[in-house]
Amino acid sequence: MKIILTIAWRNIRQHKVKTLIIGLIMVIGIMVLVVGNSFMDSAAAGIEKSYIQNYTGHLMITGESKGYLTLFGFQDTTAMERAVPRIPEYAEIVEFANSLPYVEAINPQVSATAMISRGDNMIAATQLFGILPEQYQVMFPDNVELLEGDFWAPGEQGVLLNKTVVDLMEKQVGFTFRPGDKVLFTSVSTLTGMRIREVEITGIFQFRQSNIQLDMVSLMDISNVRALAGMVVGHAAPADLSADEQSLLGAIDEDSFFDSFDSLDSLFAPVEVEQDMSDDDYWYSLLGETESRDLSNLEDTGAWQYLLVRLTDEGYTRQAQIDFAKFFADNNTAAQTRDWMQAAGSMAQLSSGIKSIFNSVVFLIAIVAVIIIMNTLVISVTERMGEIGTMRAIGAQKGFVRRMVMWETLILSGLAGTIGILLGALVLFILNRVGLEASNMFFEIIYGGPVLRPELSLSSVIMSFVVIVVVGVVSSIYPTSIVMKTSPLKAMESSR
Amino acid sequence: MKNMMSVVVALVLCVLVTGLPAQAQDFSHIEAILERLDAQSRFDNTDFSSVLTMVVEDVEKGIEKMVVRQFRRDDGERFLLLIQEPVTEKGQGYLLEGDNLWFYDPSSRQFAHTSLKENFQDSDARNADFGSNSYSSSYEVEGYLEGTLGNFEVYIIDLKAVDDTVPFPFVKLWVTKDSDLVLKTEEYSLTYRLMRTGLFPKYTKVGDVVMPVQMVFIDELVPGNKTQISVSEISVSDIPDHVFTKAYIERVNR
């Protein structure tokens, strides 16, 4: 072994040009890997930390439902078609959550999307989080920066508008909005149709850690958001349909729909035209009694869509998921937990997707590096054909030569890898000090915020080292096999 | 001579490149049909009121029934849609005053602007479906075919919107020859994706007006979503002016 290492080290020193070329490729490759992976790891960790600490907690409890349910509502093709389910047995779930030693804080929320209007003009749209301010601020103590005004007082109503939304509104109407102003919020709920609420602006804020999705979020008192989300006590009665109406239920074959009509007359239905209805009583009693309507539209005061859970340590996440799942199963409760990534929605998913694309690019770079290194090694080994032939002729076994070439590559990889990592660390140190500012929304999504300060991550060092060693070993297989196929006599002759 | 030849070749090339003058298709008889469709949908000399029963099929929510009072004054571009059922939406109203469409929410006693292009509540009908037709003024004819639909000979007319005031930029109409009844519509997005199909199997005649009394709107984006509308309790009696006001909607909700 010592002999192999000695010969390998001698070869590396003797073939300086080859060593320099392959070494340089490896140094650059590993530096790119270290910087790139650390960069993406920092971004991913930043996004995760930011969301968990400021918006989602470690877990999100919702009513049981299929589809891509996030803190912003459903973010799939059914988004406009269905309402976010209410959490069943909410009080029992809260009691259970509070009994778990690793649960640090919980926060209930309701979500709705609304158009904002003033006078005749629709001036902006906003995503509303219906919250209890006291509980929200305990759960997320550092995420709200009040620019004007304050949260609404306990038991009162109001909205804390996001600065970005206010800017959009002011641009539309050329009017400066201040706490105390009232605006109309209009939403469409699949449960109760359109709903309008006039709400007083109690404050203007911005999230300390934000992105383009969160910039559209405003915070509102829970009563108004429940109304806008259609969370009322009443339900529509089962539809009582006539035979005619029932005949048109289900799938319709549009092409043959008119086959059963044989003449124009069959298209016409006799209709009785009603008589005069000029009586005032008629006009003002059209709706009949409205008391049942008002009762049906009473706020469902115990209803919540989300319960966000913050744990004392992230390591308890899996345990918490298991414990909640068992509680739901034991109590036959149609609820489920979702992790922070699902709760965070499309922006966090997008960052994760971009990281996958980056990893694919790294993989492609590795393949290109393998080809270049392999090519250089083939030339280098071919040049040494005579030397290797002589070694074989004086008794060196195939395995000995194979190990020698492999160790050459491994030593080179180790040296180049170390230099590459050190250089990568230096680049990251500088980037961390300088801070990378997101020049546009795209980079803001990737960075998980307006500025990214990347840090050297251990996983990226290990991964990069493994990649470069594997690249080195794989690259040495092909040139070694060429040498092995050549007889010692022929190899010696080729060196003359 | 050589120069002369060059000029001739250049002229021939010019004609080939720019193309022969396109043969202008004559759509005048189709445009006349559109005008008749618009005219026969308008209650110009009378007011109009009816009860609309809407059955909304939704793959997620199941079947829901809505009952809506409809009041129209086409001479003045006004309508009022007052929801009577379901109970949670009772009293909600849509008031059209010229170009302005207002929505009223009795639970907050507030009005907000909305658009004719929007869906009516959670149904597959659009707010624009409840007024008179405007095919001749809102669309231009892009082409047509002659064909059959069931046992009826029809014109299949392709229309393109002339502005963005209508819910869909492209519409295909199946109109019976001679009798001018729209039996089927297909409505498309800007990218020519089929968004909605309308079927009109029942008509009635009220004075000079020919109107569908049964309509089916099929959501082509979400298979299984569909809304059927039937029209009953039709009246052409005068409607008091105050009915087409915000004050009326507020008062009827008290």
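Beyond its neighbours within four places in sequence, Ala396(A) is in contact with Met391(A) and Val401(A), contact being C-beta atoms within 7 Å.

## A note on the model

This is a predicted model, in which local features need pLDDT of at least 70, side-chain atom pairs need 80 or more, and totals for chains, interfaces and linings use all residues. Residues are numbered from 1 along each chain as its sequence is written, and chains are lettered from A.

## Helices H2 and H16 of chain A

Now to a helix pair: H2 (residues 16-56) and H16 (residues 458-485) of chain A pack at about 150 degrees, with axes 9 Å apart. The axes are lines fitted to C-alpha atoms over the stretch in contact, and angles run from 0 to 180 degrees between N-to-C directions. That makes H2(A) roughly antiparallel to H16(A), a label for angles over 145 degrees.

Among the residues that meet are Ile30(A) and Leu33(A) in H2(A) and Met463(A) and Val467(A) in H16(A).

## Chain B

Chain B has four helices and 13 strands. Its C-alpha trace spans about 95 × 40 × 40 Å along the principal axes, and 43% of its 254 residues count as buried.

Terms used: Two residues are in contact if their C-beta atoms, placed from the backbone, lie within 7 Å. Helices (H or I, at least four residues) and strands (E, at least two) are DSSP runs, numbered from the N terminus. Angles under 35 degrees count as roughly parallel, over 145 as roughly antiparallel, 65 to 115 as roughly perpendicular and the rest as oblique. A residue is buried if 20 or more other C-beta atoms lie within 10 Å of its own, exposed if 12 or fewer, and partly exposed in between; C-beta atoms are placed from the backbone.
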